[in-house]
Amino acid sequence: QVQLVESGGGLVQVGGSLKLSCAASGSIFSINAMGWHRQAPGKQRELVAGITSDGTTNYADSVKGRFTISRDNAKNTVYLQMNGLKPEDTAVYYCYALGIATAKGLQHVWGRGTQVTVSS
């Protein structure tokens, strides 16, 4: 069973930085896409950033130029470097991994989420 373990969330002041990490564990051959969604109180979950196995990235317009997504395929880990944080970035951030190739076939897995709070 593949699991995702997130880390790096916390409380930061406006303009500060945080780096989120998400590591996939289990018997994994490869992972197609990894990334992050977020959900703020009272709002729908939205895509923050995603990255494919070949390094192609996409970002929400609201984070372009401030957030950078990267991954280490050898470690099955995805990172989200968040700079210039704003109060509207406050949310629970969920890691995802799609198209995980395992001995039991393809899986899609979501993390449990990590809280990011930006104080003004």
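Which residues of the largest nonpolar core touch the most other members?

**Figure 1. Centre of the largest nonpolar core in the predicted model.** The core comprises 31 residues, and Trp36, Val48, Phe67, Val78, Leu80, Met82 and Tyr93 are those in touch with the most other members. At least two core residues come from each of β3 (18–25), β4 (30–39), β5 (46–52), β7 (67–72), β8 (77–82), β9 (91–102) and β11 (114–119). The leading contributor is β9, which gives five residues. In soluble globular proteins, nonpolar side chains tend to be buried together.

**Figure 2. Surroundings of Leu80.** Leaving aside residues up to four places away in sequence, Leu80 touches Leu18, Lys19, Leu20, Trp36, Val48, Ala49, Phe67, Thr68, Ile69 and Tyr93. Among these partners, Trp36, Val48, Phe67 and Tyr93 are, like Leu80 itself, listed with the core residues that touch the most other members.

Figure 3. Along the principal axes, the C-alpha atoms fill a box of roughly 45 × 25 × 20 Å. Of the contacts with a separation of 6 or more, 56% join residues 24 or more positions apart.

**Figure 4. Burial, surface and charge.** Buried residues account for 44% of the 120 residues. The accessible surface is about 6300 Å², with 49% belonging to carbon and sulfur atoms. There are 11 positive and 7 negative side chains, and the centres of these two sets are 5 Å apart.

Definitions and conventions. Residues are numbered from 1 along each chain as its sequence is written. This is a predicted model: local features need pLDDT of at least 70, side-chain atom pairs count only at pLDDT 80 or more; totals for chains, interfaces and linings use all residues. Side-chain values use heavy atoms; hydrogens and water are left out. A nonpolar core is a set of buried Ala, Val, Leu, Ile, Met, Phe, Trp, Tyr and Cys residues joined through side-chain atoms within 4.5 Å. Buried means under 20% relative accessible area, exposed over 50%, partly exposed in between (1.4 Å probe, protein chains only). Helices (H or I, at least four residues) and strands (E, at least two) are DSSP runs, numbered from the N terminus. Contact means heavy atoms within 4.5 Å. Accessible areas come from the Shrake-Rupley method with a 1.4 Å probe; for residues, only the protein chains shown count as cover. Lys and Arg count as positive and Asp and Glu as negative; His and the chain ends are not counted. The place of a charge is taken as NZ of Lys, CZ of Arg, CG of Asp or CD of Glu.
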